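Biologist: I have a model open and want to learn how to read its side chains. Can we go feature by feature?

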Amino acid sequence: MTTLPLAQTLHRHSHAEYAASVTLSYDDRFLRRKRLVADDGTAFVVDLEKTTSLDQGDALELSDGRLINVRAAAEDVLIVTGPNLPRLAWHIGNRHTPCQIEADRLLIQRDPVIKHMLEHLDAIVVEGKEPFTPEGGAYGHGRTHAHEHGHSAHDHSHDHSHAH
């Protein structure tokens, strides 16, 4: 039994007043039960009903009513620009790679295989360090997951067509 405050309630895109913030990477924002430490040193335990993808701007409500703001940490990313950005986004999506889509650029986690593929598609790919907040799943909050079907996480030889 823990004596730390519990966070069992998540408020999506809260605009309330926060007691503190917790800054987490994209991977660390996917959790169900975990001990976290807010940026001000406040320790607490997240204990959600199911594994959940936290978004920047969400708030975790502690058992004492305080709200902890969720912030996206700066992390290693590839910044993708170039001609025909929708085509580049399609190729990234076809690899099931999480992608932050903006009007004039795409951000993905650093991946040398995907970088090489994009460069061969005439993309301009630059390494950077920024908060990473990719699009959720097709049905709202959630994650797209890279998946493996062969020897490499990027071996993608199966068919996604709906023809049967």
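Biologist: Which side chain does Thr42 join in a polar contact?

Modeller: First, a caution: this is a predicted model. The side chain of Thr42 meets that of Asp40 in a polar contact of 2.7 Å. Thr42 sits in the loop between β3 and β4.

Biologist: Is Thr42 buried or exposed?

Modeller: Buried means under 20% relative accessible area. Thr42 has 18% relative accessibility, so Thr42 counts as buried. Leaving out residues up to four places away in sequence, Thr42 touches Leu36, Val37 and Arg66.

Biologist: Where is Asp58?

Modeller: Look in the loop between β4 (43-53) and β5 (59-62). Asp58 counts as buried because its relative accessibility is 0%.

Biologist: Which backbone nitrogen does the side chain of Asp58 reach at 2.9 Å?

Modeller: That of His13. A polar atom of the Asp58 side chain also lies 2.8 Å from the backbone nitrogen of Asp55. Beyond four places in sequence, the residues touching Asp58 include Leu10, Ser53 and Val70.

Biologist: How do I read aromatic rings?

Modeller: Use the distance of the centres and the angle of the planes to describe a pair.

Biologist: How many aromatic pairs does a search of the whole structure find?

Modeller: The search finds 1. The ring centres of Tyr26 and Phe132 are 5.2 Å apart and the planes stand at 80°, so the pair is edge-to-face. It links distant parts of the chain, 106 residues apart. Tyr26 is in the loop between β2 (20-24) and β3 (30-37), while Phe132 is in the segment after β10 (124-131). Both Tyr26 and Phe132 are buried.

Definitions and conventions. Residues are numbered from 1 along each chain as its sequence is written. This is a predicted model: local features need pLDDT of at least 70, side-chain atom pairs count only at pLDDT 80 or more; totals for chains, interfaces and linings use all residues. Side-chain values use heavy atoms; hydrogens and water are left out. Helices (H or I, at least four residues) and strands (E, at least two) are DSSP runs, numbered from the N terminus. Buried means under 20% relative accessible area, exposed over 50%, partly exposed in between (1.4 Å probe, protein chains only). A polar contact is a pair of N or O atoms within 3.5 Å; within protein, one must be able to donate a hydrogen and the other to accept it, and residues adjacent in sequence count only if both atoms are side-chain atoms. Contact means heavy atoms within 4.5 Å. Rings of Phe, Tyr and Trp (its six-membered ring) pair if their centres lie within 6.5 Å; planes under 30 degrees apart count as stacked, over 60 as edge-to-face and the rest as tilted.
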